[in-house]
Amino acid sequence: MSSRLTERIQAVRRFNRFYTRRIGVLEERYLRSSFSLAEVRVLFELAHRRTSAATDLAADLGLDPGYLSRMLRAFRGRGLVSRAASPGDGRRSVLRLTARGRTVFAPLEAAARKDIAAMLGGLPSGRQDHVVESMRSIEAALDPAAVHPGQVRLRAHRPGDMGWVVSRHGALYWEEYGWDERFEALVAGIVAKFIEHLDVKRERCWIAELDGERVGSVFCVRQSDTVAKLRLLLVEPGARGHGIGSRLVNECVAFARSAGYRELVLWTNDVLVAARRIYERAGFELVGSERHTSFGKRLVGETWRRRLR
Ligand SMILES: CC(C)(COP(=O)(O)OP(=O)(O)OC[C@H]1O[C@@H](n2cnc3c(N)ncnc32)[C@H](O)[C@@H]1OP(=O)(O)O)[C@@H](O)C(=O)NCCC(=O)NCCS
């Protein structure tokens, strides 16, 4: 085993020890209730799925079927869960929480929410964002199917968003491409101009949100009466690869067309390969490129154009 892998294993195990203690799952009775963590998790699934077959539950939660079956028997004995033949397939039986089960489960859910609120509540808002974003990155890295683009909401900008756009562009382009703070300064200039001269009928910013957290941005700004410019397309690394970038670009194209522009242009750099595929797919064509040295790097800038009528 390589020493890098050994170090990573230690780091993951250290984090697991820290976090299991922090969220109280080591307690014999979870959430100060009479249930173990696994029991609360099964009740949670039943409460949120309405009905479920025991075999599906065991597979989805990675629980031993014998252990789950003993647990469900105990729940039925306490009147928390009922079992009935599946309406679609009489040979299968489905489980659901009884009214009593729902009454018992409701305070557990409230207690779980309260505990997490207390943990996050002790942190400043920016740090809360960082924790949630990092968790999302872990989930997406270990299970790429975990982010569902359907949960993503696109909304107009509001106070606080411009600072986020500047900060995330500055940090991510530095981490991913080594572009220095002069790029962050350029972005700050673009968003300041956008806000100061905003023409609401012909210009717009979209912020993509996943579970209420910002995960992406794009801007449509006026370049001339007939030409609009797409700017500042960005998706957080943990949310990439699920069509959010494409959705932001398509939204921008549709808006530019409805706002009466004849064409939509954008400036990018050849190193931004993921964006190139999105632009091509959205009907943009490369119309020019030039070498330049900016943000501490030698780059090839590219202009792309999409006719709208
Ligand atoms: C470009 C960016 C916005 C894409 O966001 P996204 O939500 O992942 O976009 P989508 O999921 O809609 O599509 C990504 C596409 O790029 C492809 N892609 C991702 N990484 C890639 C890579 N390294 N090389 C080539 N293609 C790549 C994906 O496979 C996908 O194409 P597919 O649907 O044909 O498979 C995101 O990667 C990003 O923020 N990058 C850094 C900033 C940037 O480059 N902005 C553009 C400024 S001009």
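**Close-up views of a predicted model**

**Figure 1. Strands β9 and β10 form an antiparallel pair.** Strand β9 (residues 285–294) runs antiparallel to β10, and the two are joined over nine bridges. The model shown here and in the other figures is predicted. Within this pair, Leu286 has Trp304 of β10 as its bridge partner. The two strands make up a hairpin, with two residues between them. In general, the strands of a sheet are paired through hydrogen bonds of the backbone, in either a parallel or an antiparallel way.

Figure 2. The phi angle of Phe295 is near 55 degrees, a positive value in a residue other than glycine. Most residues other than glycine have a negative phi. Is Phe295 buried or partly exposed? Phe295 counts as partly exposed because 19 C-beta neighbours lie inside 10 Å, and a residue needs 20 or more to be buried. Gly296 is also partly exposed, with 14 C-beta neighbours inside 10 Å.

Figure 3. Gly296 and Trp179 are 117 residues apart along the chain, yet their C-alpha atoms are separated by 6.1 Å. In the protein chain as a whole, 56% of the contacts with a separation of 6 or more are between residues 24 or more positions apart.

**Figure 4. Strand β10 also pairs with strand β8.** β8 (residues 263–269) and β10 (residues 297–307) are antiparallel and share seven bridges. One of the residues in this pairing is Val265, whose bridge partner in β10 is Arg305. β10 has a further pairing, with β9, over nine bridges.

Figure 5. The loop in question runs between α9 and β8. Not counting residues up to four places away in sequence, Ala259 touches Lys201, Arg202 and Ala228. The C-alpha atoms of Ala259 and Thr226 are 9.7 Å apart, and 33 residues separate the two along the chain.

Figure 6. Leu232 belongs to β7. Although Leu232 is not a glycine, its phi is positive, at about 55 degrees. Why does Leu232 count as buried? Leu232 is buried because 20 other C-beta atoms lie within 10 Å, and the requirement is 20 or more.

**Figure 7. Strands β1, β3 and β2 build an open sheet.** The three strands are arranged in the order β1-β3-β2, and their pairing is antiparallel. β1 (52–53) and β2 (81–85) are the edge strands, each pairing on one side only. β1 pairs with β3 (residues 93–97) over two bridges. In this pairing, Ser52 stands opposite Leu95 of β3. As a general point, side chains in a regular strand alternate between the two faces of the sheet.

**Figure 8. The whole chain is shown for orientation.** The protein chain contains ten helices and ten strands. Its two domains are domain 1 (3–122) and domain 2 (146–307), with C-alpha centres 41 Å apart. The C-alpha trace spans about 70 × 50 × 40 Å along its principal axes. The radius of gyration of the protein chain is 25 Å, whereas a compact globule of 309 residues would have one near 19 Å. Of these 309 residues, 23% count as buried.

Technical notes
Residues numbered from 1 in each chain as written. Predicted model: local features only at pLDDT ≥ 70, side-chain atom pairs only at ≥ 80, totals over all residues. Helix = DSSP H or I, 4+ residues; strand = E, 2+ residues; numbered from the N terminus. Rg over C-alpha atoms; globule rule 2.2 N^0.38 Å. Buried ≥ 20, exposed ≤ 12 C-beta atoms within 10 Å, placed from the backbone. Contact = placed C-beta atoms within 7 Å. Domains from an automatic or database assignment. Pairing = 2+ DSSP bridges.
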